[in-house]
Each structure stands twice: as C-alpha cells, then as structure tokens.
Amino acid sequence: MFPDHFTSLEIPKGEYEIFTHKGRMENMKQTLYEIYKVILPKLNLKIEDHTKTGFLHFEKYDYRFQWNKPTSIIDIYLPLNTNK
C-alpha cells in the first residue's frame, strides 16, 4: 500500500546494471553524475530508451537505507539495451 498521491509503476522484466550509492542523500546527485557521465561511457554500456521503460533508472530502498547517514546504501538499477 502506498499514499494516494503516489503513482504505481510496474518495473519491466529485463537485464539491469546495478550501481550502489553509499552515503548521504545530498551526495546522490554526484553518484548519478558519475554513473551517467563517467562509468557508462567508460564501460560502453547502453541503457534502454526511457520511452520504452517509462523511467531512466529506479532506486531500491531497503533495510540498508538510513537517510543521511554515511553508511546508508541505495541500489540504482539501469535497464540495459541488450539489442545487438
């Protein structure tokens, strides 16, 4: 169950590259920059077009998430374009 003002989105089955953000939420922007601008081009990974999936990436918040603590962990899933 989620609040009325939330939107539900079913995550499509597929292949995902998983990255981890560790630390405070204020540093999430830097983590995302590093993923999209440094790591993806370096690894030559192609992510799926967001118009097909409905999202660029999704973040998994679980028991390791501790808001602004330096030990907080969030997994970031990027859908891979596996078309050869």
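Predicted model: local features only at pLDDT ≥ 70, side-chain atom pairs only at ≥ 80, totals over all residues.
Start with the strands. Three of them form an open sheet, and their order is E1-E3-E2. The pairing is antiparallel. Strand E1 (16-22) and strand E2 (58-60) are the edge strands. Each of these two pairs on one side only. From one strand to the next, the twist averages 30 degrees.

What holds such strands side by side? Strands of a sheet pair through backbone hydrogen bonds, either parallel or antiparallel.

Now look at E1 and its partner. Strand E3 covers residues 73-79. Seven bridges join E1 to E3, and the two run antiparallel.

Next comes helix H1, made of residues 28-43. Helix H1 lies across E1, E2 and E3. Its direction makes an angle of about 35 degrees with E3.

## The salt bridges

How many salt bridges are there? The count comes to three.

One of them joins the side chains of Glu 48 and Lys 52, with N and O 3.7 Å apart. Are these two residues buried or exposed? Glu 48 has 16% relative accessibility, so it counts as buried, because buried means under 20%. Lys 52 has a relative accessible area of 60%, so it is exposed, because exposed means over 50%.

## A network around Arg 64

Asp 62, Arg 64 and Asp 75 are linked in a network of salt bridges. Take Arg 64 and Asp 62 to begin with. The closest N and O atoms of this pair are 3.0 Å apart. Arg 64 is partly exposed, at 21% relative accessible area. Asp 62 is partly exposed too, at 22%.

Then take Arg 64 and Asp 75. Their side chains meet in a salt bridge of 2.5 Å, N to O. Where do the two partners sit? Arg 64 is in the loop between E2 and E3, while Asp 75 is in strand E3. They are 11 residues apart, and the pair links distant parts of the chain. Asp 75 has a relative accessible area of 9%, so this residue is buried.

## Putting it together

Strand E3 ties these topics together. E3 stands between E1 and E2 in the sheet order. Helix H1 lies across E3 along with E1 and E2. E3 also holds Asp 75, which forms a salt bridge with Arg 64.

Definitions and conventions: Residues numbered from 1 in each chain as written. Heavy atoms only, no water. Pairing = 2+ DSSP bridges. Helix = DSSP H or I, 4+ residues; strand = E, 2+ residues; numbered from the N terminus. Axes fitted to C-alpha atoms, helices over the stretch in contact; angles between N-to-C directions. Contact = heavy atoms within 4.5 Å. Salt bridge = Lys/Arg side-chain N within 4 Å of Asp/Glu carboxyl O. Buried < 20%, exposed > 50% of the residue type's maximum accessible area, 1.4 Å probe, protein only.
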